[in-house]
Amino acid sequence: MNYLFTANLSKSYGDQILFSDVSISINKGQKVALIARNGTGKTSLLKIMAGLDTPDSGRVEIHSNIKIGFLEQQTKLNENATVKECIFYIDNPVLSLIREYEACLSKLQKNPTPELEKKQQELMSKIDEKGAWDYESKIKEILSKLELTNLDQPVHQLSGGQKKRIALASILVQEPDFFILDEPTNHLDIEMIEWLEGYLNTKNTTLLLVSHDRYFLDKVCDEIVEIDRGTSYKYKGNYAYFLEKKEEREYNKQAEVDSARKLMKKELEWMRRQPKARGTKAKSRIESFYDIEKVSKQKLGQEDVKLNVRETYIGNKIVEICDVNKSYGDLHILKNFNYKFQRYDRIGIVGKNGAGKSTFLNMMVGKEKPTAGKINIGQTVQFGYFRQDDIVLAEDKRVIEIIRDVAEYIVLANGKKMSALQLLLRFLFNKESHFKYVSTLSGGEKRRLQLLTVLMKNPNFLILDEPTNDLDLATLNVLEDFLQQFRGCLVVVTHDRYFMDKLVDHLFVFEGNAVVRDFPGNYTQYRLERSKELKIKNEQTIEAEKPKKKRTDKENQVKKKLSYNEQREFNSLEKEIEKLEEDKSKLEQNLIAGGDSEEIMNWSKELANIVSEINTKTDRWLELSEFA
């Protein structure tokens, strides 16, 4: 069944063409990701498909009998409503039935009457028919996973991240036929993202989404639609497949342009001779010349974001955290926390929302004071702090003014100077956008501009609080390349697991109740270690709960020695375990030496399999050794 069909969609604002000739078809069960650079119309395209906007040209056909759940990038909630009202007071027959039942139950408790009791029985029967009891348990699971517990809290008291989670919850509880999600992972912690991956994968969900989270795209989507220079391209497969095929497409296109440019030189000489003949053959060649000229003048290479700004010297004394405690009333975030930063430390910070990650960063830069203890900052330390808070750019200023307020020019790593105009061009702000007001920029463009103002101050200690939110994948890739070359200290709070794996070498894990674990490794390695710990803990719990059974003398005498086959198995197990231990040691050395994120993930998975196999074979060896 076809849920959505679009043909030759075009959209522009003034002279800026966002996209043209975009055609997308989505059938039931498909999970499609939309990828494009910031400011190229992703959000506009989603709104058109959701029926909230109209294209300049083209058509949109949506199946009449399906229910669409649309999550916007910028949440629009009633500030005067409560959390419960935002989530439950929506046009949904099952939710209406549950609300009616709860209202009836409330009245019965205050003033029981035969009429109310009869109505309650009728409502219970209807709830049974629609399976609404299960529906209610699903809702409770969604609210629990998204940590929405205080349903009576007014919306105006909530943070931007909490509002985003409310908007997501209100979509999920409706169980729509077709999800259209714009950056659904923004403001979710990593555990929430992993739960959402499972939620969307376990159901026969039809999905169209925009996301910068590459692991999320890889695990959820089976088709990629890319908008590049206003034109759409389709790729059947996940994000890894898309990267491979995109590179292949660009290589072929470049070969086509190079060939056209060579032919162009030859045809240009013929045109300059201005042939007098105007026969059919000559006219055809002239028309062909203009077609070749059009192809040869295509600009294929995207100008990369270059962030080779010069870092400031950093001394031996950097940041020393000494017995720091932090609490808000009964909420304890840190207790006797100590850490001494070394040069080139690369630390990732993970933990649930509300665990105190942002508070920890604010204390480091002096925006908040610890309850007890000291944080000593070295004299040469120059912080660059990129915050997840609302973007603090003056909406009534032009883009060029924002940059010039920081500096007229910056000094690059090679000693050369770059003006504000050149810097904006290098950072993917074309000439037309330099004099735009900040208020007209997309969310991703504002984030990119804010990031630029931080980096151009030449910091030697970078603190990035959710830097990946709203940035496009092209900008993220180059930002990662810059941070890998960055010769200073780096502290990152992010829910982007790919970004984390690529950049950090150990973690501060905020586990709650003032417990912060210092883990040597990246996030994937931590999850692997955590899974092993949980498995051991569960096995110990199961073993402890087993009833103790004494063996009788007869049972003890049943088996006294191994059979021939068991003896052979016992002898071979020793060799197999020894070989597995060697393989395990090699993989551990690989993980210590490091590699790219894909290699580390493969090694980690292989190591987990080997450890599991060693445990199984060791258990069997111990069992047989009793009788060997």
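## Cavity lining and aromatic contacts

Five nonpolar, four polar and three charged residues make up the lining of the largest cavity; here Ala, Val, Leu, Ile, Met, Phe, Trp, Tyr, Cys and Pro count as nonpolar, Asp, Glu, Lys and Arg as charged, and the others, Gly among them, as polar. The model is predicted, so local features need pLDDT of at least 70 and side-chain atom pairs pLDDT 80 or more, while totals for chains, interfaces and linings use all residues. Residues are numbered from 1 along each chain as its sequence is written, and side-chain values use heavy atoms, leaving out hydrogens and water.

Let us stay with the cavity for a moment. Among the residues that line it are Leu 188, Asp 189, Ile 190, Lys 357, Glu 466 and His 495. Strand S12 (residues 346–351) gives the most to this lining, with three residues; strands are DSSP runs of E with at least two residues, helices runs of H or I with at least four, numbered from the N terminus. The volume of the largest cavity is about 60 Å³, and the count is one cavity of 30 Å³ or more. A cavity is a set of points on a 1 Å grid over the protein atoms alone where a 1.4 Å probe fits but cannot get out, and lining residues have an atom within 4 Å of a point. Points are joined across faces, edges and corners, and the volume is the space filled by probe spheres set on them.

Now to the rings. The count comes to 16 aromatic pairs, where rings of Phe, Tyr and Trp (its six-membered ring) pair if their centres lie within 6.5 Å, with planes under 30 degrees apart stacked, over 60 edge-to-face and the rest tilted. Two of them look like this:

| Pair | Centre to centre | Angle between planes | Class |
|---|---|---|---|
| Trp 195 and Tyr 199 | 5.2 Å | 40° | tilted |
| Tyr 235 and Phe 242 | 5.0 Å | 75° | edge-to-face |

Trp 195 and Tyr 199 are about one helical turn apart because they lie four residues apart in helix H7 (residues 190–202). Trp 195 is buried at 12% relative accessible area (buried is under 20%, exposed over 50%, partly exposed in between, with a 1.4 Å probe and protein chains only), and Tyr 199 is buried at 8%. In the other pair, Tyr 235 is buried at 5% and Phe 242 at 3%.

Ring pairs also link a cluster that includes Phe 337, Tyr 339, Phe 383 and Phe 510.

Note on methods. On a 1 Å grid over the protein atoms alone, a cavity is a set of points where a 1.4 Å probe fits but cannot get out, and a pocket is an open set with protein on both sides within 12 Å along at least five of seven lines; lining residues have an atom within 4 Å of a point.
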